[in-house]
Amino acid sequence: MSDVALVLRQVRFEQRSFWRNPASAFFAFAFPVMFLVIFGSLNRGARLESMGNIPYNAYYVPALITFGVIGACMTNISMTVSIRRDSGVLKRVRGTPLPAWAFMAGLIGSSAVVGAILAALITAAGMLFYGVSAPRHPATLLLVLLIGGGCFCALGLALAALIPNAEAAPAITNAVVLPLLFISGTFYPLDPNSTLSHIADWFPMRPFALAVFAAFDPRGIEPGLPWVDLRSMLLWGVVGLVVAVRRFRWEPRRS
Amino acid sequence: MPAIAVEGLRKSYGGVEAVRGLSFEVAEGEVFGLLGPNGAGKTTVVEILEGYRRRDAGSAAVLGVDPASGGRALRARVGIMLQECAMPRLLGVGELLELHAGYYPRPRPAGEVLELVGLGERVGDRVKTLSGGQQRRLDLALALIGDPELIFLDEPTTGFDPSARRDAWEIVRSIRTLGRTVLLTTHYMDEAQNLADRICVMAAGEIVAEGSPETLGGRQAAAARIRFTLPEGVDLGALPLPAHAADGHVVLETATPTRTLHELTAWAVARGLELPGLEVLRPSLEDVYLELTRVPG
């Protein structure tokens, strides 16, 4: 079997496992959809003065796309790997001729599929129900989603490598991801000159949110490629990958 | 070339020596039993050979390859059944087997392997619907799917009820008929006795005895005991041979049971005596095992 076929097969089986697990499917989809419905409806008529008076949802829908993708990639991979490691599923995989990179590629590919579905779903719902216009720079959006998705998958693998056991996985993952999302303007726009946003600039969540928004930005500013944001995500992705490769464990930590 | 050759193997965890200079060989086509109590170091040895752990010292060759560097090519030739190890619960039995079949260059047909382990009818069911014993069988099926030359079975029947254990033994016997080499670890004497061609007994990281189930620990040469109940009106001192009383029985220990028994019965027949409960006893494998693995102090 060729390497490509091997990875595609892994993606297919990861997808089956994902969709058959009500919890993983629920967490990936329920929160972004719920937030969209609640906050999108509450702020339907609202406008953001600080951002040239654009509708609130024109900002919020692109931000929710990043929330969905980060959940599907970073949160999902971190939890899945921790749980499988403690139950022994990873150890079994390690005893077969399946190469480590093919296993990880399967996991990343499957998360990418879920992330892509979420991004499409939120975009479509935003356009249909919340008056959001189509992305002005679709090619830029795809590139940003690709690099962002890869970055947060790598960070999910890295986080899993640092999590001691499955019981601690949800708490640690949420403790890392949620505060960073809050200070990155994922749920409400931040003043770009505030201390919080200066802190958030060091992490990859805010660059992701800014870059996705730039592709949607209804003000019609021609931004070109958001190089600074892409560079931040690429750097974090590489850091994540290095940590994952160096520290990845296939077995539960010995007590 | 032996299927497994181990020489002077050592492994410590945090200053505690789990394996202390182990040497043994497993011939091709042999069912080799590594027997020992919990904590003897069996799993450490097996996991070094499977490539999960690095050895601290000594040499190891699995199918002629160093397991520390054998990588993907070696793993394609080996089947591993780990000790208590979960499976993806949401995949189907047949799906999981098909997934694993794709990892190997020349897999056995999934249906055939499921028949072999007695799960032929469960092919369409989810893994989570299988009982504990059935999941162990599926585990074994996953170890066999790549048509391996060598199969590691680490405590394959721990936690089984007696009938499930008998079933598992049947399966291991059928693997042997395929002509594959098996390294089996167990802490059940009867399991090693029933399945293995040769047994190494491990205790505290060392091999304390090696042999066939029949000869293990010099069992055949060990003194036999002749035991009976003293007939009424006969005094212990009246017997033709030195004997002692134990638990209401008379016991004679002898290295030549045929001759001793003949002398004893000739004496009894001449006096018209019947010796109630007369029997010749040899130490069981269990006695030998307990003696060998007894921790001093």
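What share of the 255 residues in chain A is buried?

1. Basis of the note. This is a predicted model, in which local features need pLDDT of at least 70, side-chain atom pairs count only at pLDDT 80 or more, and totals for chains, interfaces and linings use all residues. Residues are numbered from 1 along each chain as its sequence is written, while chains are lettered from A and ligands numbered from 1 in the order in which they are written.

2. Burial in chain A. Buried residues account for 45% of the 255 residues in chain A. A residue is buried if 20 or more other C-beta atoms lie within 10 Å of its own, exposed if 12 or fewer, and partly exposed in between, with C-beta atoms placed from the backbone.

3. Fold of chain A. The chain contains 10 helices and two strands, in the order α-α-β-β-α-α-α-α-α-α-α-α from the N terminus. Its radius of gyration is 18 Å, close to the 18 Å given by the globule rule for 255 residues, so chain A is as compact as a globular protein of that length. Helices (H or I, at least four residues) and strands (E, at least two) are DSSP runs, numbered from the N terminus. The radius of gyration is taken over C-alpha atoms, and the globule rule is 2.2 Å times the number of residues to the power 0.38. Along the principal axes, the C-alpha trace of chain A spans about 60 × 35 × 30 Å.

4. Contacts within chain A. Of the contacts in chain A between residues at least 6 apart in sequence, 80% join residues at least 24 apart. Two residues are in contact if their C-beta atoms, placed from the backbone, lie within 7 Å.

5. Overall form of chain B. Chain B has nine helices and 13 strands. Its radius of gyration of 24 Å is well over the 19 Å that the globule rule gives for 297 residues, so chain B is more spread out than a compact globule. The C-alpha atoms of chain B fill a box of roughly 75 × 45 × 35 Å along the principal axes. Of its 297 residues, 37% count as buried.

6. The interface. Chain A gives 17 residues to the contact and chain B gives 17 residues. On the side of chain A that touches chain B, the elements giving two or more residues are helix H1 (3-20) and helix H4 (89-94) of chain A. H1(A) supplies the largest share of that side, five residues.

7. Helix H6 of chain B. Just after H6(B), Gly179(B) takes a positive phi of about 80 degrees.

8. Thr254 of chain B. Thr254(B) lies in strand S12 (residues 249-254) of chain B and is partly exposed, with 18 other C-beta atoms within 10 Å. Not counting residues up to four places away in sequence, Thr254(B) touches Ala223(B), Ala224(B), Ile226(B) and Thr260(B). Thr254(B) and Ala223(B) are 31 residues apart in sequence and 5.5 Å apart in space, C-alpha to C-alpha.
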